[in-house]
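Colleague: I have not looked at this one before. Can you walk me through it?

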Amino acid sequence: MSFLEKIRKNTWLVLFFISISLLFFVLDPNILMKFFTENSTIIGKVNGENIFLKEFIDCFQFLKRFREEDPDHYLKNDAWKLLIHEKVLNQQAKKLGIQSTKEDFWKAIEKQSIYSKIIDFQNEKGKMNLDKFRSYLKNLEKIPSNLTPQIEAEKNIWDYEKNSITKKILSKKYVEMLMYGLNTSSIEALLNYRDKNSFSIIDYIFLPYSEIKKEYNIIKRHEIYDFIKKNKFLYKKENLRNLSFVFFRSHPSLDDERNMNFKIKKLFNKFKFSNHNSIIVSNQSEKPFDSNFYLKKNLPIVLQHFVENNNQVGSMLGPVKDNNTYIMAKLSGKKMVYNSVLCSHILISHKEAIRFFNKRTKKKAEKIAKMIYNILVKNPKQFNSLVMEKSDDIINAKKNKGNLGWIQYEEQSEIFKEKRSFDFFSLKNKKGTIGLTETKFGYHIIRIDEIKDIKPAYQFSIIIKTLIPSKKTEDLFYQKIVQFMKENKNLSLNTFINNARKKRYETLFLREIKNHKWNNIHDLNTELDKEIINWSYEKNRKEGDIKIFQTFNKDYIMVFLSKIQQEGYPIEEIKNHIIPFLIKKKINRYLSNIIKSKHMNLEEIADLFSKKINKSYKINFYQSMIENYKEPKVVGYAFSSKLYETSKPILGERGIFFIRPLKRFNTYQKLSYFSSEIESLNVNLRKNILEKIGDVLIEKSNIKDYRKN
């Protein structure tokens, strides 16, 4: 029955397991309260769509599992980029009206899901057998989640896969649509096929550049300046700065920790014996009080385990300390609720509501809703007729007579997010109860049609406090940083970075910075990026300057300005590029004059330079290789010059070549044989385009990053 171990054995499948796991609540108690507070779970937006903390942590934990030696800030940035790519592709797919069907869903399960790789779900041909898999799901549904941790994990894996497969389908369809028109022409494929099957036989002499007479290896100063004047556009340099960074992470001292432990114990005792839970949480916790009640299965795992043994109101959890975060929780409320409610509604919409557009004002809609509600309280039997006459949810009214289906307790926050006056799941509601509530869709007159499955719901009052350095600790920490800067102020960049690493400080070495509109530094990504860039471009800056910057979370970044590149023409750097080129040009003129004046053949050239002739060497046009080196100029001449005629000097990559083509031939077959060439070129074409699509879409997107908050 259990396939958890089989999934774990497939390393590439670990992503899916980690992504649905709730274990991070235990590993990082600081996340615990964020589970209950909606706004704090949003860490960014892509074109208005939220990026949630949970999906970011899932992605980060997966990367960390496989790249344990990489610093956390690298992994966080990579997780961020992956999520943005996923959001952007799905948004584009939805804009184009791309949708997924049930058929698409099961095809994706069959070919793309983690389950398709498990042998137990495959037939004798190695393909997934959906009947076997559906049977497994039916059995899994029947077993209670809390039976064993293994069963719970398997259910979580299926929940994640079921929810994420739609995103995969939309992304795949969008990419396939883009790729549909990208095809190589038959002419291009034919030319590529011919190049691969074109050969030439040559005799050649090779003369390395190092063996040319010394006088032709000397370039005079005026020759360099003359060349730069003629080719200015090639050598103009940008205005750039080279920066390196040392990070100093702020940590509380042992005294800070002792003081905090004393305060936490005192607060715990006060919290334990107080009846004013919401007031204490509001005054003491870093996260606000959450008055909602949750079913056991919707609580974080650590609280699920807690209520199994401590389900009396007033029971305390903690205090728990993880790194510098303290957490304590109190079971402050417990009530019995209906887990499932079948209900119908009459919707009265207005012009401020979404989806169901109506020109009436909100005030008018409220008045109509209250009037209908009062009628139905007195005479509930009129509900069905009023649904047909009054409800703005017209399609639902015609098809289902207002029936909304079974609503689960945990779904209420998704369906009815607005403040409501009617509690759907209260045990006070009997079959036939009429209620009035408001959502973003308008006003709803609700009728309870059926109720079932009574379960306990729990309210927790949670206090979260973070241990931070005291002022005394911060002052000592800053003095230590200033001392490090004084000791390394006039040293070279390499010595500066090495000294930082000896002290086990985190470093970021050599980033080339432009003063552009994006105002961010690759791999740094802090709120200080713009300030650091502005500092490096100040007029009085000089190479070797160091400055300390403090971040919002009281860490410090020390910046070393190692190079200032002004806009213009750096002659010394240009020389390194120009001189080899001018030498080749000079050598070519010299050799061409010798050969031309004496009309030498290949044998005479061999005698002149005391070189042997390499006889009957076979070369291929597509590969352009001579003795394991690419020499495209030489190969190009071999296929374009007259047979048996000695070439002029050819300036190759490694030296001078003289060649004599002897024969050209091909190994072409019938045209049908190069059909695979078209597919090969299509694959390369689409791969190149795909690499650019994500970057272009991201550049055009409105991306907001709240991580630094």
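Colleague: Which side chain does Glu-438 meet in a salt bridge?

Modeller: Keep in mind that this is a predicted model. In it, the side chain of Glu-438 pairs with Lys-362, at 3.1 Å from N to O. The two belong to distant parts of the chain, 76 residues apart: Glu-438 is in strand β9 (residues 434-439) and Lys-362 in helix α14 (residues 362-378).

Colleague: How do those two count, buried, exposed or partly exposed?

Modeller: Glu-438 counts as partly exposed, at 23% relative accessibility. Lys-362 is also partly exposed, with 29%.

Colleague: How many salt bridges does the count come to?

Modeller: The count is 24. Some of them share partners, and in that way Glu-538, Arg-541, Lys-542 and Asp-545 are joined into one network.

Colleague: What about Arg-249, which residue does it form a salt bridge with?

Modeller: Its partner is Asp-555, and the closest N and O atoms are 3.5 Å apart.

Colleague: Now helix α6. How far apart are Lys-107 and Glu-103 there?

Modeller: They are four residues apart in helix α6 (residues 102-111), so about one helical turn separates them. Lys-107 and Glu-103 form a salt bridge, with 3.5 Å between the closest N and O atoms.

Colleague: Why does Glu-103 count as exposed?

Modeller: Because its relative accessibility is 54%, and exposed means over 50%. Lys-107, at 45%, counts as partly exposed.

Colleague: Changing topic. How many cavities of 30 Å³ or more does the structure hold?

Modeller: The structure holds one. About 40 Å³ of space lies in the largest cavity.

Colleague: Which residues line the largest cavity?

Modeller: The lining is made of Leu-240, Asn-242, Glu-512, Lys-563, Ile-564 and Gln-565. By class, that gives two nonpolar, two polar and two charged residues.

Colleague: Which element gives the most to that lining?

Modeller: Strand β13 does, with three residues. Both β4 (240-248) and β13 (556-565) supply at least two residues each.

Colleague: Next, the surface. What do Met-336, Leu-427 and Ile-454 form there?

Modeller: They form a nonpolar patch, and together they have about 240 Å² of accessible area.

Colleague: Where is Met-336 found?

Modeller: Met-336 is in strand β7 (residues 325-348). With a relative accessible area of 38%, Met-336 is partly exposed. That lets it into a patch, because patch residues need over 30%.

Colleague: Last one, Trp-158. Where does it lie?

Modeller: Trp-158 lies in helix α8 (residues 149-180). It counts as buried, because its relative accessibility is 11% and buried means under 20%.

Colleague: And how far apart are Trp-158 and Leu-137?

Modeller: In sequence, Trp-158 and Leu-137 are 21 residues apart. In space, they are 8.6 Å apart, C-alpha to C-alpha.

Notes: Residues numbered from 1 in each chain as written. Predicted model: local features only at pLDDT ≥ 70, side-chain atom pairs only at ≥ 80, totals over all residues. Heavy atoms only, no water. Patch = residues over 30% accessible without salt bridge, like charges linked within 9 Å, V, L, I, M, F, W, Y side chains within 5 Å. Areas by Shrake-Rupley, 256 points an atom, 1.4 Å probe, with all protein chains shown as cover. Salt bridge = Lys/Arg side-chain N within 4 Å of Asp/Glu carboxyl O. Buried < 20%, exposed > 50% of the residue type's maximum accessible area, 1.4 Å probe, protein only. 1 Å grid on protein atoms, 1.4 Å probe; cavity = no way out; pocket = protein on both sides within 12 Å on 5 of 7 lines; lining within 4 Å. Points joined across faces, edges and corners; volume = space filled by probe spheres on them. Nonpolar A, V, L, I, M, F, W, Y, C, P; charged D, E, K, R; others polar.
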